[in-house]
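Here is a short report on one protein chain. Look at the sequence and the 3D structure first, then read on.

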Amino acid sequence: MSQTDDSQGPGQAQAPLIEHLIELRSRLLRAVIAILVIFLGLYAFANDIYAFVAQPLMALLPEGSRMIATEVASPFLAPFKLTLVVAVFIAVPFVLHQAWAFIAPGLYDNEKALALPLLASSVALFYAGAAFAYYVVFPLLFQFFTQTGPEDVAVMTDINQYLNFVLKLFFAFGVAFEIPIATFLLILSGATTVESLSKKRPYVVLGCFVIGMLMTPPDVVSQSLLAVPMYLLYEVGLLFGRLVRRKRDREAADEEAAEE
């Protein structure tokens, strides 16, 4: 009997792992299918989507100027690539829901109560960062670029280069707007304290401008437009960290009073 039990042990231990892998594959497949379905639905509007993304620059080009394609396949590949990125962008809530459904069974109730709002706020902040880039940063940035060049130079931007440029900025601002979540989690996990982070403000300001330099084009305008919101969002994270700490202190005081 003991030999039989020993022989069954590894198989029984592997069964939950295989089940988790199967579930993970199922979740990933659903996420991919959702992205493909959205992409297929949007592909008919690929050129319109590109025109919308290019509008901040097109509105500032001199009369008669237009964007150009310097590669043979660019007129097809640039809208195709943008539509795929937009499909992923739209599918993010569903993808995160699949990730949440996979990890939720292993979380405690208090972790579930905190994780779901954090996921929702992360998605909202990423969208807010992209919207900030499109509606605030792009008009200022392109106005600076189009008005500071030599008068004899005609501005005719390649559509593929423009797409790579704006996607980089979308991603940079989307990630930058996650700073309150990251700051909040650091405080919540006990990895640091509000007081410690508050004392490091000068280093944070410097770090924001360094990140702005690395994640944006090499110009002062775009770097500042990323660095300043990053610092302000850092302060928002500190604010929420203080609120959570005060709430925990009150709860601890209430528990001590109840015990007495």
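## Overall build

How many helices and strands does the secondary structure of the chain come to? The count is nine helices and zero strands. Helices (H or I, at least four residues) and strands (E, at least two) are DSSP runs, numbered from the N terminus. Along the sequence, the pattern reads α-α-α-α-α-α-α-α-α.

This is a predicted model: local features need pLDDT of at least 70, side-chain atom pairs count only at pLDDT 80 or more, and totals for chains, interfaces and linings use all residues. Residues are numbered from 1 along each chain as its sequence is written, and side-chain values use heavy atoms, with hydrogens and water left out.

## Burial and contacts

The chain has 260 residues, and 32% of them are buried. Buried means under 20% relative accessible area, exposed over 50%, and partly exposed in between (1.4 Å probe, protein chains only). Take contacts between residues at least 6 apart in sequence: 84% join residues at least 24 apart. Contact means heavy atoms within 4.5 Å.

Is Ser222 buried or exposed? Ser222 is buried, because its relative accessible area is 0%. This residue lies in helix α9, residues 220-259. Ser222 and Phe144 are 78 residues apart in sequence. In space, their C-alpha atoms are 9.9 Å apart.

Two packed helices are described by the angle between their axes and the distance between the axes. Axes are lines fitted to C-alpha atoms, for helices over the stretch in contact, and angles run from 0 to 180 degrees between N-to-C directions. Angles under 35 degrees count as roughly parallel, over 145 as roughly antiparallel, 65 to 115 as roughly perpendicular and the rest as oblique.

Start with α2 and α3. They pack at an angle of about 85 degrees, with axes 9 Å apart. So α2 is roughly perpendicular to α3. Ala46, Asn47, Ile49, Tyr50 and Val53 of α2 meet Ala78, Pro79, Leu82, Thr83 and Val86 of α3. The residues of this contact are eight nonpolar, two polar and no charged. Here Ala, Val, Leu, Ile, Met, Phe, Trp, Tyr, Cys and Pro count as nonpolar, Asp, Glu, Lys and Arg as charged, and the others, Gly among them, as polar.

Now turn to α2 and α5. Their angle is about 85 degrees, and their axes are 11 Å apart. So α2 is roughly perpendicular to α5. From α2, the contact uses Tyr50, Val53, Ala54, Pro56 and Leu57. From α5 come Ile159, Asn160, Tyr162, Leu163, Val166 and Phe170. These residues divide into 10 nonpolar, one polar and no charged.

On a 1 Å grid over the protein atoms alone, a pocket is an open set of points where a 1.4 Å probe fits, with protein on both sides within 12 Å along at least five of seven lines; lining residues have an atom within 4 Å of a point. Grid points are joined across faces, edges and corners, and a volume is the space filled by probe spheres set on the points.

The largest pocket has a volume of about 560 Å³. Of its 20 lining residues, Val85, Phe89, Phe126, Ala130 and Phe170 are the closest to its centre. Helices α2 (46-58), α3 (74-103), α4 (109-148) and α5 (159-176) each give two or more residues to this lining. The lining holds 19 nonpolar residues, no polar and one charged.

The second largest pocket holds about 390 Å³ of space. It has 17 lining residues, and Leu57, Phe145, Thr146, Val155 and Thr157 lie nearest its centre. The largest share of this lining, four residues, comes from α4. The lining divides into 11 nonpolar, five polar and one charged.
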